[in-house]
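Keep the sequence and the 3D view side by side.

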Amino acid sequence: MRWVLIFWMFVISAVAYLDRVNISIAGGFIEKEFGFDHIHLGWTISAFLIGYAISQAPGGRLADRFGPRRILALGTIWWAIFTSLTASVPGKLAGALLVLMAVRFLLGVGEAVVYPSSNRLVASWIPSQERGMANGLIFAGVGAGAGVTPPLITYILLHYGWRWSFWTSAIIGLAAGVVWFLLARDKPEEHPWVKPEEAAHIRAGLPTAVAEKKPLAWGRIFASRDVLAVTFSYFCYGYVAYIFFSWFFIYLSQVRGLNLKTSSYYSMLPFIAMAVCSTLGGWVSDALTRTVSKRIGRCGVACAGMLLCTVFLALGSYAADVRLASVVLAGGAGALYLSQSSFWSVTSEMAGASAGSVSGVMNMGNQIGGAVTASLTPVIAKHFGWETSFFVAAGLCAIGALLWLGVDVDRGLAQLSGNSNLTFKTSGAQHD
């Protein structure tokens with residue numbers, strides 16, 4: 001049953017990215033109807049990400065307090081409403097830019113509960129030794145959703161108009177939320193379909209420690225150097241990832257000169273790479289955690305993946321042939337996603353019952369990075385060229401990789417005051 005829930009989190013993750021990437025695919029049509037340029041569109045994308053970023057930590061605390069089942073179901077209703085409202089703004093409305101920015105900001109507020117809720121689910125349902133794979137599968141949904149979006153939204157755009165692309169996305173999201181509410185429970189012992197053998201397996205593999213049962217204070221979370229290091233690293237990660245989510249389709253179609261259909265296919269490549277490498281990275285992380293150490297399996301994989309991404313971005317941005325550039329840059333997106341599961345596995349293990357809150361703080365850093373790149377990338381491109389935009393992303397990715405060298409995954413947050421080391425015990429066996 002735990003893998004059924006992880007699969008449906010994969011589905012919700014895919015739908016969440018369908019709801020946020022659709023504006024990039026429809027961006028040319030929106031710009032034409034409202035009289036925007038790339039910078040105005042960037043402000044609209046950034047408005048979503050600002051709402052999403054500032055609501056991460058509160059969304060995580062809600063998931064810790066009320067459980068991921070109810071919070072995530074309410075979130076899907078919220079974002080279905082505001083995705084629909086995006087398509088309902090009249091083209092000739094005075095102040096349409098501000099209205100669109102407000103709607104996208106509120107959409108971001110609703111979507112903010114998705115991944116903190118998923119991490120709270122992982123903390124309750126997934127044994128420690130399986131968390132890399134579980135998070136890898138959940139975030140493979142990011143690549144799957146973003147990869148399906150270009151051809152799906154392009155088809156709807158060409159046959160029904162850009163507004164229907166948003167209404168369709170809203171309906172899909174609402175359906176996914178209804179299934180989630182019927183299927184999910186907050187804990188294994190609450191689920192009628194969980195067999196005793198699985199419940200015992202989950203209990204035996206959950207990290208246990210001298211732990212506090214009440215939610216951790218915000219001051220304690222923000223005082224942790226490991227949380228701060230992972231958060232700043234995820235800021236760099238988000239800056240790179242959102243170049244693909246926000247600008248890659250427009251880069252191929254309007255900068256590199258590919259037609260709409262060809263751009264929709266080539267712009268799928270980074271997201272296919274993300275889906276494959278997210279799962280692969282989770283599997284490698286779990287394998288190295290079991291056979292070598294948790295530091296190598298979690299921190300080492302994240303550092304290596306981000307360094308490899310740096311190389312691909314630097315090379316791809318200067319490739320003369322558009323198709324070669326697409327493939328090399330897609331390799332960078334895939335390399336980046338090798339590190340994805342590490343961020344979420346580490347925070348779930350450090351925080352325990354406060355996994356939603358801690359991962360919400362971390363993901364706030366990611367989304368601030370995304371908001372910065374959504375607005376800054378077209379400005380850099382306008383004044384210095386698109387190659388420089390990708391080169392700046394490569395530099396930040398290298399910084400994000402190096403930050404992992406200072407993270408101690410065993411230095412947990414849920415220990416008693418004065419106890420500097422958190423020991424995880426599973427089935428009588430002690431894990432580093």
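**Helix pairs, buried residues and a core**

The axes of helix 1 and helix 2 come within 5 Å of each other and cross at roughly 60°. Axes here are lines fitted to C-alpha atoms, for helices over the stretch in contact, and angles run from 0 to 180 degrees between N-to-C directions. Helix 1 and helix 2 are therefore oblique to each other. Angles under 35 degrees count as roughly parallel, over 145 as roughly antiparallel, 65 to 115 as roughly perpendicular and the rest as oblique. On the helix 1 side, the contact (heavy atoms within 4.5 Å) is made by I23, S24 and I25, and on the helix 2 side by G27, G28 and I30. By class, this contact of helix 1 with helix 2 has three nonpolar, three polar and no charged residues. Ala, Val, Leu, Ile, Met, Phe, Trp, Tyr, Cys and Pro count as nonpolar, Asp, Glu, Lys and Arg as charged, and the others, Gly among them, as polar.

Two notes on the source. The model is predicted: local features need pLDDT of at least 70, side-chain atom pairs count only at pLDDT 80 or more, and totals for chains, interfaces and linings use all residues. Residues are numbered from 1 along each chain as its sequence is written, and side-chain values use heavy atoms, with hydrogens and water left out. Helices (H or I, at least four residues) and strands (E, at least two) are DSSP runs, numbered from the N terminus.

Stay with helix 1 and find V15. At 8% relative accessibility, V15 counts as buried. Buried means under 20% relative accessible area, exposed over 50%, and partly exposed in between (1.4 Å probe, protein chains only). Leaving aside neighbours within four places in sequence, V15 is in contact with W79, I172, G173 and A176.

Now turn to helix 9, residues 162-183. Helix 9 has 22 residues and reaches 33 Å from its first C-alpha to its last, close to the 32 Å expected at 1.5 Å a residue. The expected span is 1.5 Å times one less than the number of residues. Buried residues in helix 9 include W162, F166, G173, A176 and W180. What do the buried residues of helix 9 pack against? Their partners include helix 1 (2-25), helix 5 (68-86) and helix 7 (114-125).

Helix 7 is next. Its 12 residues reach 16 Å from first C-alpha to last, close to the 16 Å expected.

T44 sits in helix 3 (residues 38-54). At 2% relative accessibility, T44 counts as buried. Not counting residues up to four places away in sequence, T44 touches I23, L97, L100, M101 and R104. I23 also belongs to the contact of helix 1 with helix 2.

Finish with the largest nonpolar core, which has 117 residues. Such a core is a set of buried Ala, Val, Leu, Ile, Met, Phe, Trp, Tyr and Cys residues joined through side-chain atoms within 4.5 Å. F245 and W404 have the most contacts inside this core. Helix 12 (residues 225-255) gives the most to the core, with 18 residues. Beyond four places in sequence, W404 is in contact with residues including V230, C299, M306 and F343. F343 lies in helix 17 (residues 340-351). With a relative accessible area of 0%, F343 is buried. F343 and W404 are 61 residues apart in sequence and 9.8 Å apart in space, C-alpha to C-alpha.
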